[in-house]
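Q: I'd like to learn how to read a model like this one, feature by feature. Could we start with a loop and work outwards from there?

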Amino acid sequence: MSEVRKKIRTVRAQNPFDDGAEERLRRMNMIHAEGTINKPALFALSGVYAGLFFDDLCDFHQDYSLVKDDLNQLFAAADKAESRQKFLLICLQYDGLSQPLPNPIWWISGNPELAGIFADAYIQHLKQLSNSEEVS
């Protein structure tokens, strides 16, 4: 790698709260060029990560009753929380499984409106998965 590229890499923002985060969200197609939220892309992303988290939770517990218990606790807390707080609850779920927060979710965290919409859709998808009786 050239010296210039190495220098650029060290200066690049690595924080979802930095000035460069909005541009990164644009490149991920989470927001449009004019700054509006790309809801279809955000809903798709929330479904993908909620489904992956559900599978991780099933693998972690290997007893579906424990999965349901964990999810019911999350849902009870989420029902009383604002959208931004729901996002923090999701982050805590990853901590509970000793997993890092996936990069797209990490970058969404710097945008409160985006984080709130993502969290609402994520929780809704988890509720649908939890209501399903068939898990394999």
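This is a predicted model: local features need pLDDT of at least 70, side-chain atom pairs count only at pLDDT 80 or more; totals for chains, interfaces and linings use all residues.

Q: Is glutamine 62 buried or exposed?

A: The idea is to compare relative accessible area with a cut-off: over 50% is exposed and under 20% is buried. Glutamine 62 has 71% relative accessibility, so this residue counts as exposed.

Q: Which residue just after H5 takes a positive phi?

A: That is serine 98, with a phi of about 55 degrees. Serine 98 is not a glycine either, and its place is the loop between H5 and H6. With 68% relative accessibility, serine 98 counts as exposed.

Q: Let's zoom out. How many helices and strands does the protein chain have?

A: There are seven helices and zero strands. Read from the N terminus, the order of elements is α-α-α-α-α-α-α. Of the 136 residues in the protein chain, 37% count as buried.

Q: What share of the contacts joins residues at least 24 apart?

A: To read this number, begin with contacts between residues at least 6 apart in sequence; in the protein chain, 66% of these join residues at least 24 apart.

Q: What about the surface: how much of it belongs to carbon and sulfur atoms?

A: The protein chain has an accessible surface of about 8300 Å², and carbon and sulfur atoms account for 51% of that.

Q: Which elements have the lowest and the highest mean pLDDT?

A: Read pLDDT as the predictor's confidence in each residue, then compare elements. Helix H1 (residues 3–11) has the lowest mean, 55, while H3 has the highest, 96. Across the protein chain the average is 88, and 88% of the residues score at least 70.

Q: Which residues of H3 are buried, and what covers them?

A: A general idea first: an α-helix has 3.6 residues a turn, so residues three or four places apart point the same way. In H3 the buried residues include Leu42, Leu45, Tyr49, Phe53 and Leu57. Their cover includes helix H4 (64–79), H5, helix H6 (103–108) and H7.

Q: And which residues of H5 are buried?

A: They are Lys86, Phe87, Leu89, Ile90, Cys91 and Tyr94. What covers the buried residues of H5 includes H3, H4, H6 and H7.

Q: How many aromatic pairs are found in the whole structure?

A: Five. One of them joins phenylalanine 53 and tyrosine 122: the centres are 6.4 Å apart and the planes are at 45 degrees, a tilted pair. Phenylalanine 53 lies in helix H3 (residues 39–61) and tyrosine 122 in helix H7 (residues 112–131), so the pair ties together parts that are 69 residues apart in sequence. Phenylalanine 53 is buried at 1% relative accessible area, and tyrosine 122 is buried at 2%.

Q: Why is the pair of phenylalanine 87 and phenylalanine 118 edge-to-face?

A: The angle between planes decides this, with over 60 degrees counting as edge-to-face. Here the planes are at 65 degrees and the centres 6.2 Å apart, so the pair is edge-to-face. Phenylalanine 87 is in helix H5 (residues 83–96) and phenylalanine 118 in helix H7, so this pair ties together parts 31 residues apart in sequence.

Q: Which residues form the aromatic cluster?

A: Phe53, Phe87, Tyr94, Phe118 and Tyr122 form one aromatic cluster.

Q: Which ring does the charged end of arginine 24 sit over?

A: The ring of tryptophan 107, at 4.0 Å from its centre.

Conventions: Residues are numbered from 1 along each chain as its sequence is written. Side-chain values use heavy atoms; hydrogens and water are left out. Helices (H or I, at least four residues) and strands (E, at least two) are DSSP runs, numbered from the N terminus. Buried means under 20% relative accessible area, exposed over 50%, partly exposed in between (1.4 Å probe, protein chains only). Contact means heavy atoms within 4.5 Å. Accessible areas come from the Shrake-Rupley method with a 1.4 Å probe; for residues, only the protein chains shown count as cover. Rings of Phe, Tyr and Trp (its six-membered ring) pair if their centres lie within 6.5 Å; planes under 30 degrees apart count as stacked, over 60 as edge-to-face and the rest as tilted. A charge sits over a ring if NZ of Lys or CZ of Arg is within 6 Å of the ring centre and within 35 degrees of the ring normal. pLDDT is the predictor's confidence in each residue, from 0 to 100.
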